[in-house]
Amino acid sequence: MERSSVPPFARTRRSRILIALAAVATVALAVVLTIALTVTTYDHTSPRAARNKASGSVAGPVDCRKAKCVALTFDGGPSPTTVRLLDILKEEHLHATFFVQGEGHIGRYPEILRRISDEGHEIGNHTWTHKVLTRINQEEARQELSRTQNAIEKITGTRPVLMRPPQGRTNRDVAKVCKELGLAQVLWSVTAKDYETTDSALITQRVLDQTHRDGVILLHDLHKGTVPAVPGILKALKERGYTIVTVSQLLAPAKPRPGMVYRP
């Protein structure tokens, strides 16, 4: 019988190396799975998918199953510049979704928030102090959202069912808190990054370059270059055949599900 030419000590060393490599691979896989579970284990869907799964008729004037829709949303207000924006939307007979912020906004400009509501726009929650919710614990996140919910309801008489997490950052803990509070999370597919420029032409071009059917446009009505860009954005979108709607109109006949993340 032919004997192995590999010395016993070499075979033992090779076995130890293989065992060590297997252990490292196991640990690495566990880390990857832990990260994946932490980051992605929350319910998410797109507005189109949610709408297509829903049955029934659409109560409003726009059926986005048939129309080429895009949702128009504004974050961070209300602020003095919101007044001109509301004038523009009123002139165009359009409605948008406003994700409003508590500190420095709701309490300072309650009459503007009331006007947003009275003119038929949709109001969502954008936290009280714009803290990134994934960086704080669940109780702090609950306070950020609950305080804003209460302030909005006190002024408008209506409690929001939508929220937008600051920076779009969310995880399963945030989703859990939102579910408890009856809030669906709304992300976006179009951003003009209007917080970094006052160039209205650039803001317009960025929006038009990114917009697609069933998308969600994110703008900030408090930044200097944004509201002046809105008339041109609306005109160009209409010329391209888009129907501009609120988030809930985009979802209909589906209803926003608490805790769900809607990601176009």
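Author: Start with the buried residues of helix 8 (residues 200–210): Ser 200, Ile 203, Thr 204, Val 207 and Leu 208. Keep in mind that this is a predicted model.

Reader: What do the buried residues of helix 8 pack against?

Author: Three elements: strand 7 (190–191), strand 8 (215–220) and helix 9 (226–239).

Reader: What caps the N-terminal end of helix 8?

Author: Asp 199 does. One of its side-chain oxygens lies 3.0 Å from the backbone nitrogen of Ala 201.

Reader: Why does Gln 149 count as buried?

Author: Buried means under 20% relative accessible area. Gln 149 has 1% relative accessibility, so it counts as buried. Gln 149 is placed in helix 6 (residues 138–156). Leaving aside residues up to four places away in sequence, Gln 149 touches Asn 125, Arg 159, Pro 160, Leu 181 and Leu 183.

Reader: Why are helix 5 and helix 6 called roughly perpendicular?

Author: Angles of 65 to 115 degrees count as roughly perpendicular. The axes of helix 5 (residues 110–118) and helix 6 cross at roughly 75° and come within 9 Å. The pair is therefore roughly perpendicular. Pro 110, Leu 113, Arg 114 and Ser 117 of helix 5 make the contact with Ile 152, Ile 155 and Thr 156 of helix 6.

Reader: What is the phi of His 130?

Author: About 65°, a positive value, although His 130 is not a glycine. Most residues other than glycine have a negative phi. Gln 167 also has a positive phi, near 65°. At 48% relative accessibility, Gln 167 counts as partly exposed.

Reader: How do you know that the peptide bond from Gly 77 to Pro 78 is cis?

Author: Omega is near 0° there. Pro 78 belongs to the loop between strand 2 (69–75) and helix 3 (80–92). Another cis peptide bond joins Ala 252 and Pro 253, with omega about 10°.

Reader: What is the mean pLDDT of the protein chain?

Author: The mean is 90, and 85% of the residues reach 70 or more. Over residues 26–39, however, the pLDDT is below 50.

Definitions and conventions. Residues numbered from 1 in each chain as written. Predicted model: local features only at pLDDT ≥ 70, side-chain atom pairs only at ≥ 80, totals over all residues. Heavy atoms only, no water. Buried < 20%, exposed > 50% of the residue type's maximum accessible area, 1.4 Å probe, protein only. Helix = DSSP H or I, 4+ residues; strand = E, 2+ residues; numbered from the N terminus. Contact = heavy atoms within 4.5 Å. Polar contact = N/O pair within 3.5 Å; in protein donor to acceptor, adjacent residues only side chain to side chain. pLDDT = per-residue confidence, 0-100. Axes fitted to C-alpha atoms, helices over the stretch in contact; angles between N-to-C directions. Parallel < 35°, antiparallel > 145°, perpendicular 65-115°, else oblique.
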